[in-house]
Amino acid sequence: MKKVILSALLLAPMALMAQSDFTLKGAAKSVANGKKIYLVYAENGQRLTDSAIVSNGSFEFKGKVTSPVMGNLFNNVNPYKKGANTRNMDYTALYIEPGNITINSADSLKSSVAGGSPVNIDNAKLNALLKPFTEKEKALNEEYAKFTKEQKEDDAVMDAFMEKYNAVRDQKTPVYLSFVKSNPQSYISLVQLGALASNDKVVGEVEKLYAALSPELKATKTGQSIPKTIEATKKTAVGVMAMDFAQNDPNGKAVKLSDFKGKYVLIDFWASWCGPCRQENPNVVEAFAKFKDKNFTILGVSLDGGNTKTTKEQWLKAVEDDKLTWTHVSDMQGWANEVSTAWGIRGIPANFLVDPSGKIIAKDLRGGALHKKLAEVLDKKTK
């Protein structure tokens, strides 16, 4: 089993410490002998890919990690190899952590269950609690897959669909919070609080649950970052005054958010390398064209450069190609962008709608929801 370092992907979520051995033993009776299983995970900021040959329905991996990290197993395809066929992949996610890990697959990797190690056992418990909701999400995904091109481009159809999807997502939140409350020493609780810390609807409860976590979890890198995320979420909640910031435009001129005071401003966090951002851009362009003459503008903040390894030229080419004809700024520091860090951005695309007084009145507006909100606040102003 030859291990190959491919590229930087994610920072390890725990504090740096000595590496320890892990063994992953898998049972995959549905996979033919001689087929390869690929394991991909991150360690110390580097993406690692390993492979194992299936023999008599079994496979095994061995390695070293400093702490629990998320990994993926792929059936007979390395998705990171150039030209790989990634359609209809059979894969599963699990945690790679020091100790002995097991994974049992009855008919496919996708339906397998990881266990053996504490984090994977806890993750399986949480997944069992979430199953009624994940089944609903699966059904909704199958419903979407059957949509025609016309349905996908119909705002009314998509708004109704997203309302159903978001309702199921919101139903999962109390399950996460209840699990964390019952398992304050679990690494899975740490992971879930990290994800929920940017949700301004539950940030108060997240703060209380974080206080009850074990000292060991709080001392990890993720544990140390959560209070910062909580603070950023409070400062960027709907109803609070937006934090001012300054960043340079492509010509090196400093642009402040406060320069736009008196207008409705959509602060749009995106990047040239971000597929979902580029997919959403036509919708943002349409909204800009529709409302730009109604005291509305957009301020784009790009997370290009830095650890994303994209260049200024790539950023500006994306601006030109996508016809983003509004003001753009970036410090070319990628995920370390000073503004996005202060605003608690953990995923893009992300946006905030600020009113003429500087107050945040909406966030994360996509698709038809962006047009609906802008019409709500701007059309009534012009009547």
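Is Pro-215 buried or exposed in this predicted model?

**View 1. Pro-215 in helix 6.** With a relative accessibility of 61%, Pro-215 counts as exposed, because the cut-off for that class is over 50%. Helix 6 covers residues 215-218. Between Pro-215 and Phe-296 there are 81 residues of sequence separation, and their C-alpha atoms are 47 Å apart in space.

**View 2. The disulfide between Cys-274 and Cys-277.** The sulfur atoms of Cys-274 and Cys-277 are 2.3 Å from each other, and the disulfide count comes to one. The torsion about this S-S bond is about 75 degrees, so the disulfide is right-handed. Cys-274 has 3% relative accessibility and counts as buried; Cys-277, at 1%, also counts as buried. Both assignments follow because buried means under 20%.

**View 3. The largest nonpolar core, with 45 residues.** Ile-267, Phe-269, Phe-296 and Trp-343 are the members that touch the most others in this core. At least two residues each come from several elements, including strand 12 (264-270), helix 8 (275-291), strand 13 (296-302) and helix 11 (367-382). Strand 12 contributes the most, giving six residues.

**View 4. The surroundings of Trp-343.** Neighbours within four places in sequence are left aside here. The contacts of Trp-343 include Ala-232, Thr-236, Ala-242, Met-243, Phe-245 and Leu-257.

**View 5. Another core, of 30 residues.**

Terms used:
Residues numbered from 1 in each chain as written. Predicted model: local features only at pLDDT ≥ 70, side-chain atom pairs only at ≥ 80, totals over all residues. Heavy atoms only, no water. Helix = DSSP H or I, 4+ residues; strand = E, 2+ residues; numbered from the N terminus. Buried < 20%, exposed > 50% of the residue type's maximum accessible area, 1.4 Å probe, protein only. Disulfide = S-S within 2.5 Å. Core = buried A, V, L, I, M, F, W, Y, C linked by side-chain atoms within 4.5 Å. Contact = heavy atoms within 4.5 Å.
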